[in-house]
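Dear colleague,

Please find below the structure that I am handing over to you.

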Amino acid sequence: GERLTARAPQQEMVRAFALACQRAAERGVQDIELPFTGESLEQPLELGASRLTIKAAAGQKPVLVFRPELKGAESDKQMIRLKCGSAGKVVFQGVELRMELPAEPSFGWSLLAIYQMQSLDLTDCILTIKDAGSSGVPIQSQVAFFALQPRRISDAMKMMEDDMRMLPAMGVNLNRCLARGEATFLMASEESPLKVVWT
């Protein structure tokens, strides 16, 4: 399929990562290539495409940096919200995701917030969370690399609640990845079937 990159004329170079994700969802594009090395400052965003691969262009080392502020909605504390549907698959390749937290104390931050999806695959990625006040001591609480959000259950689904246990487990797969920083690796507020494989 078509890709969002900087190469051929029919391919589009989109500066902001969030905009690229939005365009990808609108057009059914499944690949976003990041043709840069170094930091790109991003705002918290939502991924809604059911299939999406976000990868570094050949020879590049892109770093998507989030520096959230203490204002706005609760969702602003979730840097990348994954709402891809129960069959959704998202892949990150060769990308660093970095969250730099503010110097005023608060709680409930996450780098990747998983609402609904089938699998999240990260290969050759670095996940970094920076949470340190002036004294060098972490000042935020409830900070996670991955935060599993409760599944909202409609009335129709309440009848299927017994079958909820039959839902296929969501998968979080990491290959050759590094997670570093003052944070919990994975937080979940309810029991959802989940399988984590880190190679």
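**Strand pairing**

L97 stands opposite L127 in strand β12. Strands here are DSSP runs (E, at least two residues), numbered from the N terminus, and residues are numbered from 1 along each chain as its sequence is written. Please note that this is a predicted model, in which local features need pLDDT of at least 70 and side-chain atom pairs count only at pLDDT 80 or more, while totals for chains, interfaces and linings use all residues; side-chain values use heavy atoms, with hydrogens and water left out.

The facing residues L97 and L127 belong to a parallel pairing in which five bridges join strand β9 (residues 96-100) to strand β12 (residues 126-130). Two strands are said to pair if DSSP finds at least two bridges between them. M99 likewise has I129 of β12 opposite to it. Strand β12 also pairs with β15, in the parallel sense and over four bridges, and I126 faces L178 in β15.

**Two open sheets**

These strands belong to an open sheet of five strands, in the order β3-β6-β9-β12-β15 and with parallel pairing. Its edges are formed by β3 (38-42) and β15 (178-181); each has a single partner strand, so one side of each is left without a neighbour in the sheet. On average, neighbouring strands of this sheet are turned by 15° against each other, direction ignored. For such angles, axes are lines fitted to C-alpha atoms, and angles run from 0 to 180 degrees between N-to-C directions.

An open sheet of five strands is also found with the order β4-β7-β10-β13-β16, again with parallel pairing. Here β4 (45-47) and β16 (184-188) are the edge strands, each pairing on one side only. The twist from one strand to the next averages 30°. Strand β13 (residues 141-148) runs parallel to β16 and is joined to it by four bridges. F146 has L186 of β16 opposite to it.

**Aromatic rings**

Three aromatic pairs are found in a search of the whole structure. Rings of Phe, Tyr and Trp (its six-membered ring) pair if their centres lie within 6.5 Å; planes under 30 degrees apart count as stacked, over 60 as edge-to-face and the rest as tilted. The pair of F145 and F185 is tilted, because the ring centres are 6.4 Å apart and the planes stand at 45°. This pair links distant parts of the chain, with F145 in strand β13 and F185 in strand β16, 40 residues apart.

F145 is buried at a relative accessible area of 3%, whereas F185 is partly exposed at 23%. Buried means under 20% relative accessible area, exposed over 50%, and partly exposed in between (1.4 Å probe, protein chains only).

F185 also forms an aromatic pair with F146, which is edge-to-face, at 5.2 Å centre to centre and 70° between the planes. F146 in β13 and F185 in β16 are 39 residues apart, and their pair too links distant parts of the chain. F146 counts as buried, at 0% relative accessibility. Ring pairs link F145, F146, F185 and W198 into a cluster.

Two lysines sit over rings: the charged end of K77 over F107, 4.8 Å from the ring centre, and the charged end of K83 over Y115, 4.4 Å from the ring centre. The criterion is that NZ of Lys or CZ of Arg is within 6 Å of the ring centre and within 35 degrees of the ring normal.

**A loop residue**

P138 lies in the loop between β12 and β13 and is partly exposed, with a relative accessible area of 39%. Leaving aside neighbours within four places in sequence, P138 is in contact (heavy atoms within 4.5 Å) with D131, A132 and E182. P138 and G181 are 43 residues apart in sequence and 9.6 Å apart in space, C-alpha to C-alpha.

**Confidence**

The protein chain averages a pLDDT (the predictor's confidence in each residue, from 0 to 100) of 85, and 82% of the residues score at least 70. Over residues 6-10 the pLDDT stays under 50, and the model has four contacts beyond four places in sequence for them. Where pLDDT is low, the predicted coordinates should not be read in detail.

With kind regards
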